[in-house]
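Here is a short briefing on one protein chain. Look over the sequence and the structure before reading on.

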Amino acid sequence: MKGLSRRALFGACLACGTGHLGLQASAQPAPGGAWSPPAPQQRCPSRWGAADRRGSLNTMTPERMRDAAAMIREGRKIEIGHELAQSMPFFGTRRFDVHLKRTFMNPEANQRGSNEELVVGEIAQVGTQFDGFPHQTIGDLTYNCVDVASIATRGGFREMGIETVGSILARGVLMDVAGLKGVQTLPDDYEITVADLEQCLSRQRLELREGDAMIVNTGWGHLWGRDNARYVRTCPGLGIAAAEWLIQRNPLLLGADNWPVECAPSKTMPNASLPVHQIALVVNGVHLLENMNLVELAASGRSEFCFMMQPLRMRGFTGSTVAPAALF
């Protein structure tokens with residue numbers, strides 16, 4: 001856990017199950033119940049140094065990629081991303097409108113017809129999506145205390161754009177919290193605890209390793225395209241303590257089948273806006289993978305697998321719609 005003190009893990013809820021890990025509190029609720037994240041000097045530089053821009057991607061070593069690939073023994077694949085469609089749930093002004101450009105016939109004798117489509121909307125923060133570091137800030141600073149104004153241009157970010165991520169191949173682990181609780185979907189405001197994760201790991205005979213794609217099943221994905229209003233209103237997910245507990249184990253990424261990975265709104269910090277986003281992306285440089293489709297994977301009973309994903313190489317973007325897969 002080298003460099004942990006400099007990462008300044010959030011401490012407002014360390015009593016909720018993480019005290020045994022030796023975490024050092026660096027952010028406390030301010031008077032009046034407001035919330036304050038750790039100061040720049042507490043969270044920077046990151047564990048990988050002041051010049052680092054890759055964060056948790058540094059854990060994806062050649063050895064770990066080879067180990068992940070070796071997990072493919074049956075030649076089986078489960079898609080763990082949703083289809084991009086106009087029926088998806090959206091937030092605010094986000095949109096994804098598809099307009100089919102119908103067949104035209106080329107003039108040559110072989111009568112070759114062509115079809116295309118025009119998309120009007122976002123392709124970075126819709127559907128199953130992978131968050132890059134410039135997507136979130138604490139004040140004006142993103143990961144490793146980089147001032148977003150210093151890297152922002154009219155056409156995107158000069159540093160840490162999603163095109164810098166590249167293909168991801170890692171050991172994936174699924175912690176089925178909904179299965180642990182014996183329900184299809186966790187309650188709307190259920191905040192996952194450290195105890196929940198520990199019980200999942202014990203029940204599934206699973207261990208976490210550095211560089212894992214650590215994924216949580218809440219069952220929320222069952223609402224996707226069926227009850228979009230409820231899907232975006234709130235959601236169960238990781239609490240502060242549970243997120244920090246996972247980050248302590250140096251994941252490649254944190255993923256879930258809900259829209260923010262975390263419980264929203266936060267029950268631990270009700271005055272904060274998506275604090276786990278800041279804890280993961282800004283403070284610790286851990287990417288988030290949201291809106292996953294885990295229904296088939298959870299039903300399969302498979303807890304570990306080869307995780308594969310390729311973000312679109314969109315220069316300067318804050319994230320990417322993705323189509324991850326679990327391979328066995």
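Where does Pro45 lie? Pro45 sits in the loop between helix H2 (40–43) and helix H3 (62–69). The model is predicted. The protein chain averages a pLDDT of 90, and 89% of the residues score at least 70. Over residues 1–34, however, the pLDDT is below 50. Beyond near neighbours in sequence, that stretch has 85 contacts in the model.

**Cis peptide bonds**

- Most peptide bonds are trans.
- The bond from Cys44 to Pro45 is cis, with omega near 0°.
- The bond from Ala264 to Pro265 is also cis, with omega near -5°.
- Pro265 belongs to the loop between strand S13 (253–256) and helix H9 (275–283).

**Positive phi**

- Most residues other than glycine have a negative phi.
- Asn144 has a positive phi, near 60°.
- Asn144 occupies the loop between strand S5 (141–142) and strand S6 (146–147).
- Asn144 counts as buried because its relative accessibility is 8%, and the cut-off for buried is under 20%.
- Leu274 is not a glycine either, yet its phi is positive, about 45°.
- Leu274 lies in the loop between S13 and H9.
- At 24% relative accessibility, Leu274 counts as partly exposed.

**Helix H8**

- Helix H8 covers residues 240–247 and is mostly covered, with 8 of its 8 residues buried.

**Nonpolar cores**

- In soluble globular proteins, nonpolar side chains tend to be buried together.
- The largest nonpolar core here has 44 residues.
- Met175, Leu197, Leu208, Leu238, Leu246 and Leu254 have the most contacts inside this core.
- Elements giving two or more residues to the core include helix H4 (148–151), strand S9 (168–176), helix H5 (177–181) and helix H6 (194–203).
- Strand S11 (213–217), H8, S13 and H9 are also among these elements.
- H8 gives the most to this core, with 7 residues.
- Another core, of 25 residues, lies apart from the largest one; among its residues are Ile168, Ala213, Met309 and Val322.

**Contacts of Leu254**

- Neighbours within four places in sequence are left aside here.
- Leu254 is in contact with residues including Ala243, Leu246 and Ile247.
- Other contacts of Leu254 include Met214, Leu238 and Val261.
- Val286, His287, Leu288 and Leu289 are also in contact with Leu254.

Notes: Residues are numbered from 1 along each chain as its sequence is written. This is a predicted model: local features need pLDDT of at least 70, side-chain atom pairs count only at pLDDT 80 or more; totals for chains, interfaces and linings use all residues. Side-chain values use heavy atoms; hydrogens and water are left out. pLDDT is the predictor's confidence in each residue, from 0 to 100. Contact means heavy atoms within 4.5 Å. Helices (H or I, at least four residues) and strands (E, at least two) are DSSP runs, numbered from the N terminus. Buried means under 20% relative accessible area, exposed over 50%, partly exposed in between (1.4 Å probe, protein chains only). A nonpolar core is a set of buried Ala, Val, Leu, Ile, Met, Phe, Trp, Tyr and Cys residues joined through side-chain atoms within 4.5 Å.
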